Amino acid sequence: MNVHLKMEVNQDTGSFKERGARYALQNLTEEKKRAGVFAASAGNHALALSFHGKQLGVEVNVVMPKIAPLMKINRCQELGANILVEGNDIAESREIALRMAYEQKGTYINGYDHYDILAGAGTVGIEILEECPLPDAIIVPVGGGGLVAGVATAVKALSPSTEVIGVVSETCQAIVVCVDIETTKTTNYIQKSLQAGHPVYTPTRPTLADGLAVPNAGVNAFASMRGKVDRVISVPENDIAVAILRLIENEKVVCEGAGAIGIGALLSGKLDHLKGKTVVSILSGGNIDSTSLGRCIERGLAYDHRVIRLSIIIPDKPGGLSKLTGLVGELSGNIRDLYLERAFMRNDMSSQRVKMIIEVRGKEHEEQLKEKLEQEYEPSNCQFKNSNRLQGL
């Protein structure tokens, strides 16, 4: 594919959210500006409001869920926003923020459903078509639906033939693909809640794409995207991790999971119909904390067959461990961690189990190492594991 990247990671606060936040704040009356604004956000919307609220002299109050990254919480506070960390997910935080806005007579700005927010998101689609005329497809991350609603509205008005594809994490699917029984063709996008004709609550589970962990789409976003999004696919967590790794290594771009998920969709093999075509993937945000980034890189390396786990039983005698590590070294494997286990070897008192994390060059290198060790030791005593074979690594 001829892949283009829409670099929303280069915005001042690291995400596309600035577009709608700035527009919404500018459209407030002077009276509403004095009363301040309220919002619920896991990070990027909060950052955008905090940054532009400070520039425009508008007091910003944000309720952030307990799962929000610490880096984003601290950054919002540094920008002068009033931050309350409360709620197990964005839905609970939203209820608290709405109550505060009502009690203090302020304006609540929904990060994925306010009309000004949707309009701001739509400018992403306009810019894509200005810089890359008539792309075959645009891949859009989907959480609450604000970005995909704005982009789809703009793109379908200016380039109806361009396919708009939404992508969600497998662990938080407010939107899923639905098949029309009569035609057996995939209908535009369709949501779980579309069966009911309106957004419904969809429980979320932890995901590397934390920015997309929204339990239900916005009402306005839902109505705006309806009939404009061609399809929606879910992306496995492992493919999101590899996407983050690929962007760092190949493009020198640090991207959060929600922003990298479009690349994860391409890597997953679910969009093979786009081979040979011009595709734009929106890197919607780059605000990932160091701890999460390290975790994503490790998972990506494991899924990419570049870090493997070896559990092997060897003789418990002088030179036994030296021989094993020597064999790994001869084949250019890099031992990153090593653990010896004797206490639980109940059936064989003359043996020990060695557990190692080994860095290799890829699947072929892994197979070479496996073949060599199985020649030297009993094959049944050699267990190789990576994230393809062991979920949750």
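1. A quick convention before we start: contact here means heavy atoms within 4.5 Å. By that cut-off, and leaving out residues up to four places away in sequence, T13 touches E18, L47, A48, F51 and N287.

2. Keep in mind that this is a predicted model, where local features need pLDDT of at least 70, side-chain atom pairs count only at pLDDT 80 or more, and totals for chains, interfaces and linings use all residues. Residues are numbered from 1 along each chain as its sequence is written, and side-chain values use heavy atoms, with hydrogens and water left out.

3. Back to T13: you'll find T13 in the loop between strand 1 (2–7) and helix 1 (17–26). Helices (H or I, at least four residues) and strands (E, at least two) are DSSP runs, numbered from the N terminus. T13 has a relative accessible area of 8%, so T13 counts as buried (under 20%, with exposed over 50% and partly exposed in between; 1.4 Å probe, protein chains only).

4. Now the sheet: four strands form an open sheet in the order 11-12-10-13, paired antiparallel (two strands pair if DSSP finds at least two bridges between them). Strand 11 (334–341) and strand 13 (382–385) are the edges, each pairing on one side only.

5. Inside that sheet, strand 10 (residues 307–315) and strand 12 (residues 351–359) run antiparallel and share nine bridges. I312 sits opposite V354 in strand 12.

6. Helix 6 (residues 115–131) has 17 residues and spans 25 Å from first C-alpha to last, close to the 24 Å expected at 1.5 Å a residue (1.5 Å times one less than the number of residues). Its buried residues include D116, G120 and L129.
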